[in-house]
Structure formats: structure tokens, C-alpha cells
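Please read the points below with the model open beside you. They cover a few strands and then some charged side chains.

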Amino acid sequence: MKSKNLDYACKLFDEMPERDVQSWTILISGFARTGACRFVLELFKEMLVERVCPNQFTLSSVLKSCSSLCDFRMGKGVHGWILRNGIEVDVVLENSLLDVYVKCGALDYAERLFETMKERDTVTWNIMMGADMHIGDMEKALEMFRRVPCKDVASWNTIVYGLMQNGDERCALELLYEMVENGVSFQEVTFSVALGLASSLHVVEIGRQIHGCLVRLGIENDGFLRSSLIDMYCKCGRMDKASLIFKRTPLRAKYKFTSDEVKTEIVSWSSMVSGYVRNGEHEYALITFRSMLREQFMVDRFSVTSVVSACANLGSLLLGQSIHALGQKVGYISDVHLSSCYIDMYAKCGSLTDAWMIFTLTHDPNVVLWTSMISACALHGQGKEAAQLFELMIREGMKPNEVTFVVVLNACSHAGLIEEGSKYFSLMNEVYGIKPGTEHFTCMVDLYGRAGHLNETKQFIHENGISHLSSVWKSFLSACRLHKNVELGKWVSEKLLQLEPSDEGPYVLMSNMCAADQRWEEAAEMRRLMQQRGINKVAGQSWIQLKNQVHSFVMGDRSHPHSTEIYFYLDELIARLKEIGYSMDAKLVMQDVEQEQGEALLSHHSEKLAIAYGIISTASGIPIRIMKNLRVCSDCHNFIKFTSQLLNREIIVRDLHRFHHFKHGSCSCGDYW
């Protein structure tokens with residue numbers, strides 16, 4: 001049995017002329033240790049048929065199997081057999097019974113047994129604490145913890161971990177400090193729980209102190225704890241620290257790993273990939289993922305979802321398709337969660353067709369999948385299709401959640417669907433009992449504002465008592481700029497600056513509004529105010545990915561190695577576009593300069609440079625995909641429409657808010673963005 005050669009043990013057992021309780025117990029406990037729980041229960045039944053009376057050790061192994069299988073009927077039957085046959089029970093056996101009832105969710109049985117127990121040890125109390133925490137009754141669990149007469153480290157681990165899992169991290173932290181004050185020695189599990197707590201609270205100083213303890217104890221290289229440390233630093237935004245621990249891993253020097261070492265290594269790799277994604281360092285996430293593949297570690301599901309998210313944020317379609325193929329190759333069937341990630345990735349990489357394919361091929365879509373597809377349609381300017389999909393979702397009996405309403409309201413806003421958006425906003429609270437949050441209110445302000453209903457926007461903010469939300473004022477100010485209402489814009493910007501005096505948004509928008517209205521002194525005053533307060537404007541940047549290399553551009557940038565060819569071609573292209581009707585909108589120049597100088601500034605916007613480079617670097621007929629960190633301006637929007645018409649090229653632009661698909665001289669947004 002110790003060699004785990006159970007087949008041989010069974011053969012020997014079958015050949016025994018007489019099988020007493022000891023031989024039965026050895027066989028049953030052996031199979032219980034290996035997790036063959038169903039077979040353990042069959043052996044137990046056979047043992048009773050042969051009229052061999054089990055002892056406490058036998059019964060303990062059988063009850064352990066009942067717990068593992070959550071077999072309430074069998075566990076209750078064993079309990080009944082014990083009572084009927086007058087078997088003397090000790091605290092270990094009673095704890096096994098207690099565990100069966102708790103694992104099977106029969107808490108009334110567990111409580112009755114607990115109250116009748118003459119002897120209770122810390123295991124008993126820990127089981128009951130765990131039962132209360134499982135149903136979320138933390139008040140009762142804490143009360144139970146305080147009643148424990150002699151708390152061991154497992155008791156502290158149970159309550160601290162339970163509080164953390166139920167969202168009460170502050171109380172968990174207080175108990176952790178109390179544990180230290182009481183001089184309780186930490187186990188590996190305790191350190192891991194404490195690091196998890198630091199992660200949840202995003203308090204790196206706590207994690208750093210725990211790290212110091214591990215170093216002093218000489219156990220910082222333990223695989224389990226090392227993975228917990230890496231995860232903590234990742235979640236606290238300290239990727240430099242996480243990377244340092246990851247690179248110093250002693251296992252890096254080994255050529256062979258035990259199965260446990262492989263598991264901890266995979267967890268560490270996954271934590272690094274997800275950590276880079278969480279902290280916005282998407283390119284490092286991809287580099288780490290490639291290294292993971294190169295070192296031939298098994299790619300787990302968690303790593304795949306993380307790296308798919310990185311591709312989505314980078315807009316890297318080819319790489320995203322490769323990761324999708326890899327996931328299928330290693331056998332990860334696209335469940336609802338993974339499918340949602342793929343839909344999001346394809347949508348953000350500009351391929352709505354692939355997103356639709358994933359959606360239609362997924363069986364039994366849940367609310368997350370429906371929401372992802374509605375969001376994909378909204379992102380690509382298909383507001384009507386998004387609204388229709390939302391209606392279909394409701395007809396299919398799927399209940400929308402808060403996020404679903406955010407994406408469908410956003411879709412209505414970008415498509416000018418005022419009637420539908422207003423209906424869904426009312427539906428949210430009246431039918432589904434969802435109280436509107438900041439994002440819902442902001443979508444509604446954006447809906448009215450984009451449509452030019454500025455008075456209704458002002459009234460909506462007043463009626464709903466949301467004047468304390470800076471996001472609604474930002475949306476309102478954008479609408480004022482869009483519809484060139486400078487006076488109302490001034491009033492809105494004053495409200496916004498009271499809430500967020502250090503945010504660059506209101507300064508830039510107001511300065512641009514004044515400049516567009518040729519109020520040069522007022523525009524200059526806003527820029528001076530920014531300088532005085534040390535506020536910097538985010539520079540417009542566009543980028544294009546060609547042959548796995550990302551090329552970035554800013555306005556007037558000449559640092560690119562092919563800048564001479566880019567500028568020569570762009571000037572030539574603009575001259576050709578003017579012949580077919582394109583004219584620059586000099587009002588969009590935010591400086592008081594002459595017409596000719598203003599056109600020179602407009603002609604070198606970052607998206608124009610990126611598109612020009614894409615055209616001279618790719619064969620005709622290949623779609624050009626670029627990304628921009630800000631909203632595309634109306635002149636560039638017009639320029640791209642004429643370019644798609646002149647060159648018969650499809651151009652896909654992802655700006656701060658949405659995708660624009662330019663083809664044959666028109667845009668998917670219908671010039672409403």
C-alpha cells in the first residue's frame with residue numbers, strides 16, 4: 001500500500017483466506033489517500049456484507065470519502081450505522097462526521113451534532129467556522145472564532161482567509177495584526193494568505209514586510225510562497241519587484257522539474273503575464289508569454305485569457321489570431337469566459353466579422369457573452385445592430401446586468417438613438433431593478449449631448465442630482481465643443497474645474513473651443529493657466545503595426561527612419577485629394593497663424609503620417625489598420641474618407657472611443673462620432 005501499487009494490493013487482499021478488520025482498514029485507507037472515493041465506499045459495503053465490524057480508523061477513511069464526494073446520503077447512513085451499533089466515537093471520528101454534513105451543505109445536521117459533542121478540539125471549531133463563512137455569515141463565524149478556547153494557527157488562517165474572501169479585508173488585516181501580537185507562529189499558508197490580503201488591499205508596504213520575514217526565515221525560495229510574492233507585487237503595481245523575484249528563481253538553473261515544481265512555475269509565469277496586462281504593460285506581457293512557450297511550459301487557460309487581453313489592448317490582430325489558434329491546439333475548448341475574451345479581442349483589433357463568428361459558434365451564451373457582442377457592435381459604430389441584439393437577448397429570456405446597460409446605452413449614444421436609449425434607461429430601473437450608476441448617467445448625458453439637445457442635458461443633470469460627477473460634466477463639455485456652444489461650454493468648464501482642477505481635459509477642450517471660434521486671447525489664457533498649474537496636455541499619437549513591429553507617430557514627427565518618404569508621399573497625396581474635392585478645415589488649427597501655415601500644421605497630424613506610412617509599406621488591396629490615443633479630428637476624418645475613395649483602400653482607425661471603417665469614400669460612423 002505504501003508503494004501505491006493498489007492493483008497488486010487488491011490481488012493480495014482477494015487471495016487472503018481470512019480478512020480481518022485490520023486488513024480491510026489498510027486497503028480502504030490506502031484507496032482513500034489516493035482519492036478513489038467511490039471504490040472506498042464499495043469496499044465498505046462489501047466489508048459490512050462479510051460481517052466485519054469496522055473500527056474508528058476505517059470509519060474515518062469512509063467518511064473522508066463521503067466528504068470528498070459530497071455524498072450526504074451515504075454519510076448520513078454511516079452515521080446511522082455507528083449509532084445503531086453503539087460504536088464508541090472519539091473527537092476525530094465526530095469531526096469526520098461534522099465535515100461530511102458541512103461539505104454536503106446540511107448545516108442543520110452539523111449544528112445539532114456540534115451541540116451534542118462532549119469533546120471539541122480546534123479542528124471542530126475550524127470546521128464550524130468554515131461552514132458559517134461558506135454561507136457568508138461572517139458575523140457568526142467571528143463569534144465562533146472568539147469562542148474557540150485554544151486557537152491554533154489553522155484557526156487564525158481560516159478566519160483571516162474567510163474574511164478576505166467575503167470582502168472584509170480591513171477586518172482580516174486587524175485579525176492578522178492581532179495574530180502577530182499574540183505570538184502565533186506563521187505557517188506557509190499563513191504567509192500566503194497574508195500576501196493575498198496585501199494584494200486585495202493594494203498595500204505594497206504590508207507585502208514588503210511579509211517579504212522581509214520570508215527572507216529572514218530563509219524560505220523566500222519556496223515555490224508556493226514565491227508564486228504568492230510575485231502575484232502580490234503584480235497586483236500592487238510593482239512589476240519591477242515581481243520581475244526581480246521571477247528572474248531569481250532557483251529553478252531556472254534546473255533542467256528537470258518535479259510535478260509540483262512545474263505547477264508552481266506555471267502559476268508564476270501566469271502571474272507575470274496577467275500582471276503586465278493589469279498594469280498596462282502589454283508588450284512585456286507578450287514577451288513573457290513568448291518566453292513561456294520557448295521554455296516549453298504548458299500554457300494554462302489563465303495565461304491565454306491574459307495574453308488575449310494584451311492583444312486586444314495593443315490592437316494586434318495577427319498575434320491575437322495566433323493565440324486563438326494556440327488555445328485550440330492545446331485543447332482549450334472555448335467556454336463562455338474564453339469566448340468573451342476572444343470576442344473582445346477581435347472587436348478591439350478591428351475584426352467584427354471574427355467576433356460575430358465566435359458569438360454564433362458558442363453554445364448556451366450567458367449574459368457576459370451577450371454583453372461582449374453588444375459592446376463589439378457599439379465599438380464599431382453599429383448602434384442599431386447593438387440595440388437589436390439587446391432586444392433579442394431579452395426575448396431569449398436572458399436578464400441583462402449593469403454592464404449590459406452601459407454598453408447598450410453607449411451604443412445608442414454613438415448612433416444617435418435617443419428614443420431607444422431613453423427607453424433602455426427607464427427599463428433598467430423599472431423592470432430589472434438596477435439602480436443607475438455613474439457610467440449609466442454619463443452615457444445618457446453623452447446621448448443627449450451628441451444629438452445637440454444641450455438644454456435637455458442640463459435638465460437631466462439637475463433632475464437626477466448628479467452634478468457631483470465629473471464624468472457627466474466632461475461629456476457635457478465635449479458636446480458643447482461638438483456643437484460650438486462656447487458660452488455654455490464656459491459654464492460647464494467652470495463646474496468641471498471645481499471638481500477636477502488638475503485634469504487637463506477641461507482646459508484643452510475650452511482652449512480648442514475658443515480657438516475654433518477665433519477667440520485667440522481666451523484660448524491663450526487657458527493654455528497659460530495650464531502652465532501655471534503644471535498641467536500637461538496629452539500629445540496625440542497614432543501607431544501602425546507592420547510585420548510584428550509597431551511604428552508610432554506624433555504631429556510633425558520626423559524621427560522615423562522613413563520620414564523623408566512619408567512626408568513626400570503625404571504632401572503628394574493631399575494635393576491629389578484636393579483635386580477630387582478635399583479641402584482642409586483651417587478652423588481646426590488651434591493657433592493664431594496664417595491660412596497657409598495652418599494647413600501645413602493640419603497636414604501633418606499623427607494619423608495622416610501613420611496612414612501615409614501604411615500606404616507606402618503595403619501592397620494595394622491590403623486594409624490599413626491604425627490606432628490613435630485621442631478622438632480623430634474632423635479634418636483627418638475627412639482626409640481618410642477621400643483617401644479610401646481615391647486609392648480604393650479600406651482604412652480602419654481605432655480612436656479613443658470607437659472604430660471607424662473607411663471604404664469607398666464613406667465611414668461606418670455615418671459622420672456621427
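1. Buried means under 20% relative accessible area, exposed means over 50%, and partly exposed lies in between (1.4 Å probe, protein chains only). In a regular strand the side chains alternate between the two faces of the sheet. Helices (H or I, at least four residues) and strands (E, at least two) are DSSP runs, numbered from the N terminus.

2. This is a predicted model, in which local features need pLDDT of at least 70 and side-chain atom pairs count only at pLDDT 80 or more, while totals for chains, interfaces and linings use all residues. Residues are numbered from 1 along each chain as its sequence is written, and side-chain values use heavy atoms, with hydrogens and water left out.

3. Strand β3 (residues 624–628) pairs with β4 in the parallel sense, over four bridges; two strands pair if DSSP finds at least two bridges between them. Ile626 has Val653 in β4 as its bridge partner. Between β3 and β4 the chain passes through helix α35 (residues 634–647), and this β-α-β crossover is right-handed. The term right-handed applies if, with the strands pointing away from the viewer, the path from the first strand over the helix to the second runs clockwise.

4. What joins β4 to β5? A hairpin does, through four residues. Strands β4 and β5 (residues 659–663) run antiparallel and are joined by four bridges. In β5, His660 stands opposite Val653.

5. The whole structure holds 23 salt bridges, a salt bridge being a side-chain nitrogen of Lys or Arg within 4 Å of a carboxyl oxygen of Asp or Glu. One of them joins Lys628 and Glu607, at 2.9 Å from N to O. This pair links distant parts of the chain, 21 residues apart, with Lys628 in strand β3 and Glu607 in helix α34 (residues 606–617). Lys628 is buried at 11% relative accessible area, and Glu607 is buried at 0%.

6. Asp344 forms a salt bridge with Lys348, with the closest N and O atoms 3.5 Å apart. The two are four residues apart in helix α20 (residues 336–348), so about one helical turn separates them. Asp344 is partly exposed at 30%, as is Lys348 at 24%.

7. Arg519 and Glu522 meet in a salt bridge of 3.8 Å, N to O. Arg519 is partly exposed at 22% and Glu522 at 29%. Both belong to a network of salt bridges that also includes Glu487 and Lys490.
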